[in-house]
Amino acid sequence: MTERHSVYPEPEKVVIVEDDRTSMHRKALERAFLDHLAYMRGRQIESATTLDRLHALSFVVRDRLMARWAATRKKLNSEGKKRVYYLSAEFLMGRLLASNLHALNLYDEMKSILKEIDVDLEDLIEREPDAGLGNGGLGRLAACFLDSMATLGLNGYGYGIRYEFGIFEQAFKNGWQHEKPDEWLKFGNPWEIVRPEHIVEVNFYGRCVETTDRGGLFAVRWVDTQKVLGVPHDTLVAGYNNDMVNTLRLWQARASNEFDFTLFNDGDYVRAVEDKNASELISKVLYPNDHNQAGRELRLKQEYFFVACAVHDIVRRHFKRGGIVHDFNLKNAIQLNDTHPAIAVAELMRVLIDEHHVQWDTAWEITIATFGYTNHTLLAEALEKWSVALFERLLPRHLQIIYEINRRFMRQVSIKFPGDDARMRRMSLIEEGTDRKVRMAHLAVVGSHAVNGVAALHTRLLKETVLQDFAELSPEKFSNKTNGVTPRRWVRQCNPRLSALLTERVGPGWEADLDRLEDLVKHEGDEGVIHELAKIKRANKLDFAKYCESALETKIDPDTLFDVQIKRLHEYKRQLLNALHIVRMYLDTKRDPSSLRVPRTFLFGAKAAPGYKAAKLIIKLINSISAVINQDPAVRGKLNVFFVPNYRVSIAERMIPAADLSEQISTAGKEASGTGNMKFALNGALTIGTLDGANIEIREAVGEDNFFLFGLTADEVAAELAKGYDPRAIYEQNPRLREVIDLISSGFFEPESRAVFRPLIDELLTRDQYMLLADFAAYEQCQQRVTDAYLDPQRWHRMAMHNIATMGRFSSDRTIYEYAHEIWGAM
């Protein structure tokens, strides 16, 4: 029997030691918490800090995940299930304590246990750092996909970078964005397990030497390289209520030569650690500014670093499990999440040819059959291209391999389309010119057996525009996999009131079978249910208002319409269009207070890339508009504008359940999919949006009457641009728009620096590449329809209920099921 210690309360019954590490019984859980406080943190409950308690509870949960992880690995290895590897430069996981408690079905039990010993679970959850290992939708999608892989029972792994500093911490000074390091590791990370036994050596620079192998065949050796070590850190990813636990493996860069003792003894202390500092810079920061040569080189280093580590690990695991070269693609599937990991195609070829002596044709066949590529953008600047000169210096062997891939591919194109030199130039992996470049998206397409877009419109436009030549060459490669979100985090965890209502009305289990929400449709005529839904929304709004007052020192009125736009700050997402409309409403309300029939609170959340000047200026404008409107007694209580600082996953979990209106107003044809649109609709916010990305499919699902549509279509945008779009003509013809533009341009919102917003105005009047002025009138009219609907609460909440009920298809479980069946062959 166990020996009890004074920190433990008297147990009702004795539990053996082995059970205490993994038992789900109430007393064992309490004892485990106190045990971890005592032995992992050196504290008793009376003297423990919030951080001590957070880490102790995290270890309690991690113990139970570890037991399930070991059982999962044993089961999957014995079954020989195909392994799926998801390579992504971003994993925006969010806080893990609450999600893991929910996955284990322990949240309520643990909350009750802790309450008995005067510990508040929600206080602990709020103290957990929100690791910003992503910039927005790409990283959050990757996190949702890992959740769904585990929930569906796939043998899945994620691979990425363990950035020491994630996406920056945002603060506002005089309305301007200022960036501070995101020190998410400052107090340690109880969720990760370091695996030094699987360190990988990664090579950079050097030169290539032609030689022969042991069989006398031509071979190439990559020599005189600089070496960096990749140290794996594992985070456990739990499936929902199914005891399945998969792995996210993030790589930290470390110097192969930590310290030059000779230089140190000679007094050259800086040079003694030069190699260490240079190596560790690789995993220091998410997306370093690439507006200079050093930044571009670091970005390419980052991409190759985690890809090389991942490919090495995948190959090691394959052979460890008894695999052979020729069944590699039958046992492994690798999915490239956008173009950042595209160098994996060349790296797997290098490993197969140079290290395992596989002949080119066989290696290429294996490589293509292994990889799938997900494209996430139609924007040219996001389809990465790297200078050939940089490639030649940093990764000379890979450039050789890319040249050979391209030579053979160009031959394939010339046979299919003889004499079409223009097509060959467009499709080449190498962009010719004074500064020759490697086209990474082309490498990913050529080196994969499957290429997919992430919404129906996006996939169509991919095949008709940026990848048209490739779709004509290999149409069978292309498919659509519309994105989805995990309902575990984005309803069950972030909106417990709605979650309880759904369980009451459609029964338990909807969290892992979101199509069951359709059963809610039969309650749309039930005024009692509609009233309950309205109460839930009001309570969520009140919660967010209290948070703003206590944490952000800002008062907002929960009895106003919450009009919310939260997403990465980019011109095509058109936060500026929203701002123009706010100014229009402000002017109207000043002149005639009765014109504002519904008081509104406009809420923004977004970060701008540090080097993106236009985006940072838009943030400044919105904050300047906010400062004027919020202090004007003429509109007090009617209009309020608030830009929530340091937007992140945990903030989204508060804002989305509280939102009434979801702003999805990107220029048609620019947004690949969007997932915020899905999260809002799932939580009962109505959408105002364009026919862009997944908005189209959401509108099809919820019905035209339950979606506020405005704006040009993608085809109409293209037609306008083709015939010569003239934004100044629109400005001249629309006096309501002109008054808004002139007011901003005059310096009204920034009297101390009247010309500060002129660059934004000049862009709108001369180019307006994202068609804000073209859509302004339609947007303003659509906002009036929003007001009309909101004035009828029964109608509004019935529309919200219908949105919730018809969002089942937008679960990431559905998306992953399609990947597994149609691309990975893993189910």
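This is a predicted model: local features need pLDDT of at least 70, side-chain atom pairs count only at pLDDT 80 or more; totals for chains, interfaces and linings use all residues.
**Exercise 1. How are H14 and H16 oriented to each other?**

Residues are numbered from 1 along each chain as its sequence is written, and side-chain values use heavy atoms, with hydrogens and water left out.

*Solution.* 
- Step 1: find the helices. H14 covers residues 360–370 and H16 covers residues 396–416. Helices here are DSSP runs (H or I, at least four residues), strands are runs of E with at least two, and both are numbered from the N terminus.
- Step 2: look at the axes. They come within 13 Å and cross at roughly 90°. An axis is a line fitted to C-alpha atoms, for helices over the stretch in contact, and angles run from 0 to 180 degrees between N-to-C directions.
- Step 3: name the arrangement. H14 and H16 are therefore roughly perpendicular to each other. (Under 35 degrees counts as roughly parallel, over 145 as roughly antiparallel, 65 to 115 as roughly perpendicular, and the rest as oblique.)
- Step 4: see who touches whom. Trp360, Asp361 and Trp364 of H14 meet Ile401, Glu404, Ile405 and Arg408 of H16, where contact means heavy atoms within 4.5 Å.
- Step 5: sort by class. This contact has four nonpolar, no polar and three charged residues. (Ala, Val, Leu, Ile, Met, Phe, Trp, Tyr, Cys and Pro are nonpolar, Asp, Glu, Lys and Arg are charged, and the others, Gly among them, are polar.)

**Exercise 2. Work out how H2 and H5 cross, and which residues make their contact.**

*Solution.* 
- Step 1: H2 spans residues 26–39 and H5 residues 107–116; their axes come within 10 Å and cross at roughly 60°.
- Step 2: that angle makes H2 oblique to H5.
- Step 3: on the H2 side, the contact uses Arg26, Leu29, Glu30 and Phe33. H5 brings Glu109, Met110, Ser112, Ile113, Leu114 and Glu116.
- Step 4: by class, that's five nonpolar, one polar and four charged residues.

**Exercise 3. Describe the ring pair of Tyr159 and Trp251.**

*Solution.* 
- Step 1: the whole structure holds 15 aromatic pairs. (Rings of Phe, Tyr and Trp, the last by its six-membered ring, pair if their centres lie within 6.5 Å; planes under 30 degrees apart count as stacked, over 60 as edge-to-face and the rest as tilted.)
- Step 2: Tyr159 and Trp251 are stacked, at 6.3 Å centre to centre with 20° between the planes.
- Step 3: Tyr159 sits in strand S2 (residues 155–161) and Trp251 in strand S10 (residues 245–255), so the pair ties together parts 92 residues apart in sequence.
- Step 4: both residues are buried. (Buried means under 20% relative accessible area, exposed over 50%, partly exposed in between, with a 1.4 Å probe and protein chains only.)
- Step 5: Tyr85, Tyr157, Tyr159 and Trp251 form one aromatic cluster.

**Exercise 4. Is Glu780 buried or exposed, and what does Glu780 touch?**

*Solution.* 
- Step 1: Glu780 is in helix H33 (residues 772–790).
- Step 2: at 14% relative accessibility, Glu780 counts as buried.
- Step 3: leaving out residues up to four places away in sequence, Glu780 touches His581, Arg584, Asp588 and Arg736.

**Exercise 5. What is the phi of Arg574, and where is Arg574 found?**

*Solution.* 
- Step 1: phi is positive, about 65°, although Arg574 is not a glycine.
- Step 2: Arg574 is in the loop between strand S18 (561–566) and helix H24 (575–591).
- Step 3: Arg574 is buried, with a relative accessible area of 0%.
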